[in-house]
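Reader: I would like to go through this model by question and answer. Please begin with the aromatic rings and then move on to the helix, the loops and the strands.

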Amino acid sequence: MSTNIADVATGFLAALEVAAKTGDRNSVYPFLAPDAEWVTPQRNLAGVDEIQRELTWVGPPDKLDLVFERGELVELGEGRVALDVRQVYTLKATGEFAYTRLRRVELTVRDGKVSRYEMRSIG
């Protein structure tokens with residue numbers, strides 16, 4: 001895997017994790033290509049302008065804390081990489097375990113930017 005693709009993917013995922021925990025999505029946008037695709041089970045968005053306007057559901061849950069456990073980044077070829085992410089939710093008030101979600105994230109990196117983000121549930 002090229003160092004550039006790994007660096008872009010890792011930086012993007014770190015920014016996305018911060019956005020999910022704080023609700024501040026501004027650090028995510030610089031990683032996106034102008035024509036980026038954002039594909040999730042809930043909806044598909046096209047272009048960084050639409051992503052900025054419509055990506056309102058990325059943010060911290062009201063009564064839960066969230067921890068991300070990232071798997072290894074795997075090269076799929078042609079600028080594509082993938083990893084599995086385990087999201088662990090605990091109650092803010094007590095720290096008690098609430099639930100987990102398993103996700104598969106696939107990214108396409110083109111010219112140093114994320115041109116496609118796809119996330120799906122795997123468990």
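**Aromatic pairs, helix, loop and strands**

Author: A search of the whole structure, which is a predicted model, finds five aromatic pairs. One of them joins Phe 12 and Phe 31.

Reader: Which geometry, stacked or edge-to-face, do Phe 12 and Phe 31 form?

Author: A pair of aromatic rings is described by the distance of the centres and the angle of the planes. For Phe 12 and Phe 31 the centres are 6.4 Å apart and the planes make an angle of 75°. Planes over 60 degrees apart count as edge-to-face, so the pair of Phe 12 and Phe 31 is edge-to-face.

Reader: How many residues apart are Phe 12 and Phe 31?

Author: Phe 12 belongs to helix 1 (residues 3-22), while Phe 31 sits in the loop between helix 1 and strand 1 (32-39). The pair therefore links distant parts of the chain. The separation is 19 residues.

Reader: Is Phe 31 buried or partly exposed?

Author: Phe 12 has 0% relative accessibility and therefore counts as buried. Buried means under 20% and exposed over 50%. Phe 31 stands at 25%, so Phe 31 counts as partly exposed.

Reader: What span does helix 1 reach from its first C-alpha to its last?

Author: Helix 1 has 20 residues. At 1.5 Å a residue, a span of 28 Å is expected. Helix 1 comes close to that value, reaching 28 Å.

Reader: What covers the buried residues of helix 1?

Author: The buried residues of helix 1 include Ile 5, Val 8, Phe 12, Leu 16 and Glu 17. What covers the buried residues of helix 1 includes strand 1, strand 3, strand 5, strand 6 and strand 7 (113-121).

Reader: Which backbone oxygen lies 3.0 Å from a polar atom of the side chain of Thr 40?

Author: Thr 40 lies in the loop between strand 1 and strand 2 (44-46), and its relative accessible area of 8% is why Thr 40 counts as buried. Its side chain makes a polar contact of 3.1 Å with the side chain of Gln 42. The backbone oxygen at 3.0 Å is that of Arg 43.

Reader: Which residue in strand 6 is the bridge partner of Arg 80?

Author: Strand 5 (residues 80-91) pairs in the antiparallel sense with strand 3 (residues 64-70) over seven bridges, and Val 67 stands opposite Val 88 there. Strand 5 also runs antiparallel to strand 6 (residues 97-110), with 11 bridges joining them. In strand 6, the bridge partner of Arg 80 is Thr 108.

Reader: Which residue takes a positive phi in the hairpin of strand 4 and strand 5?

Author: Strand 4 (residues 74-77) pairs with strand 5 in the antiparallel sense over three bridges, with Glu 75 opposite Val 81. Two residues lie between the strands in this hairpin. The residue with a positive phi, near 55°, is Glu 78.

Reader: Where in the chain is confidence lowest?

Author: The chain averages a pLDDT of 91, and 97% of the residues score at least 70. Confidence is highest in strand 1, at a mean of 97. The lowest mean, 88, belongs to strand 3.

Key:
Residues numbered from 1 in each chain as written. Predicted model: local features only at pLDDT ≥ 70, side-chain atom pairs only at ≥ 80, totals over all residues. Heavy atoms only, no water. Pairing = 2+ DSSP bridges. Helix = DSSP H or I, 4+ residues; strand = E, 2+ residues; numbered from the N terminus. Phe/Tyr/Trp six-rings, centres within 6.5 Å; stacked < 30°, edge-to-face > 60°. Buried < 20%, exposed > 50% of the residue type's maximum accessible area, 1.4 Å probe, protein only. Expected span 1.5 Å × (residues − 1). Contact = heavy atoms within 4.5 Å. Polar contact = N/O pair within 3.5 Å; in protein donor to acceptor, adjacent residues only side chain to side chain. pLDDT = per-residue confidence, 0-100.
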